[in-house]
Amino acid sequence: MEPKIVLSNVKKAFKNKTAVDTISFSIHKGEVVAILGANGAGKTTTMMMMLGLLEPTSGTVQLFGKHPKEKYVRERIGAMLQEVSVIDALKVREVIQLFRSYYTHPLSFEELVDFTGFSKDELQKRANKLSGGQKRRLGFALALAGDPEVLFFDEPTVGLDVTSRKIFWDTVRELKQRGKTVLFTTHYLQEADDVAERVILFHEGKIISDGTPKEIKTKLTKQSISFTSDSTIGVEELKEIPLVTGVFQKNERTHVITEHTDEVLGALFARNLPIRNIEIERGRLEDAFEQLVDKREVV
Ligand SMILES: Nc1ncnc2c1ncn2[C@@H]1O[C@H](COP(=O)(O)OP(=O)(O)OP(=O)(O)O)[C@@H](O)[C@H]1O
């Protein structure tokens, strides 16, 4: 089956800044994909190019085999961006109905309300009276209004309380069940791990990893032995221990990365190093992420 989204060697440069640097990936029907990265990594710029709101400096973006701006594409995608601007003078109910009217086969009003959890009172509120979280939920309803095949969410849960977050992710799971393709950006590692089956990791405009959360974890988070020490232990000394693949310091703890914890632990003791509070950790996406992007990593 043809991929729904194809980016080929896409680059976006602003005046003196390359926001996205020659990236390529394809996304197929039914995938739920997280674009993960720290602030400024290029996630939003990439999403804007997929939506046809920004043109790449070079390379191509195709949705359904076409340019993102084509009507065929517009009718099949829905998006919720960081800034939700709504028509202030209308009530929530009216905005939702208005958006439904733009599409040939919209989702039913009841379904949209159900998905976004709006109460009767909230539906009567004017859009300009909504809280940040409510606005976001309205943005979600509007993204879904046309019953799109592909959905884009830029930092969807920023500003949502715990309950709204849960409603949102439950809905994304439901959308997946219905065969929808979902792309979302986040810098919450936990969200990517919980919800996405594929994580594309961005760092300084480049893709530095693309795989399942599990693949990322096994690829990157070798086991790590961490400890504290009263006296400074030279990084070089630790790096010299056989089977050690990395050493970094974080929150007063020294982390030694290895796939062979037993042997390395043995070597640490054999050297009589003054280490305390030893912990062995494995495979947290959080750590994988830090290992990838954190300049503090020494090896
Ligand atoms: N219109 C613009 N003009 C100049 N530089 C820009 C523009 N838009 C984005 N940038 C820069 O490009 C880089 C990537 O920005 P982008 O918004 O895509 O990152 P992001 O990963 O989405 O981050 P965030 O989570 O903060 O939204 C940043 O350094 C940003 O300052």
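Strand 2 (17-27) and helix 1 (43-50) each contribute at least two residues to the shell around the ligand, where helices (H or I, at least four residues) and strands (E, at least two) are DSSP runs numbered from the N terminus. The largest contribution to this shell is that of helix 1, with three residues.

This is a predicted model, in which local features need pLDDT of at least 70 and side-chain atom pairs count only at pLDDT 80 or more, while totals for chains, interfaces and linings use all residues. Residues are numbered from 1 along each chain as its sequence is written.

**Ligand shell**

The residues around the ligand include Phe14, Lys17, Asn39, Lys43, Thr44, Thr45 and His187; a residue is near a molecule if its C-beta atom, placed from the backbone, lies within 6 Å of it. Divided by class, the shell holds three nonpolar, seven polar and two charged residues. Here Ala, Val, Leu, Ile, Met, Phe, Trp, Tyr, Cys and Pro count as nonpolar, Asp, Glu, Lys and Arg as charged, and the others, Gly among them, as polar.

**Fold and core**

The protein chain has twelve helices and 13 strands. The domain assignment, from an automatic or database source, gives domain 1 (5-217) and domain 2 (222-281). The centres of the two domains, taken over C-alpha atoms, are separated by 41 Å.

Of the 299 residues, 35% count as buried, that is, with 20 or more other C-beta atoms within 10 Å of their own, C-beta atoms being placed from the backbone. The largest nonpolar core has 54 residues, and Val199 is one of those that touch the most other members. Such a core is a set of buried Ala, Val, Leu, Ile, Met, Phe, Trp, Tyr and Cys residues joined through C-beta atoms within 7 Å. Helix 6 (residues 132-144) supplies the largest share of this core, six residues. Apart from it lies another core, of eight residues, including Val244 and Ile257.

**Confidence**

| Part of the protein chain | Mean pLDDT |
|---|---|
| Whole chain | 88 |
| Strand 4 (residues 58-63), highest | 98 |
| Helix 12 (residues 285-293), lowest | 63 |

In the protein chain, 92% of the residues score at least 70. Over residues 295-299 the pLDDT is below 50. Where pLDDT is low, the predicted coordinates should not be read in detail. For the complex, the predictor gives an ipTM of 0.93 and a pTM of 0.78.

Key:
Buried ≥ 20, exposed ≤ 12 C-beta atoms within 10 Å, placed from the backbone. pLDDT = per-residue confidence, 0-100. Contact = placed C-beta atoms within 7 Å.
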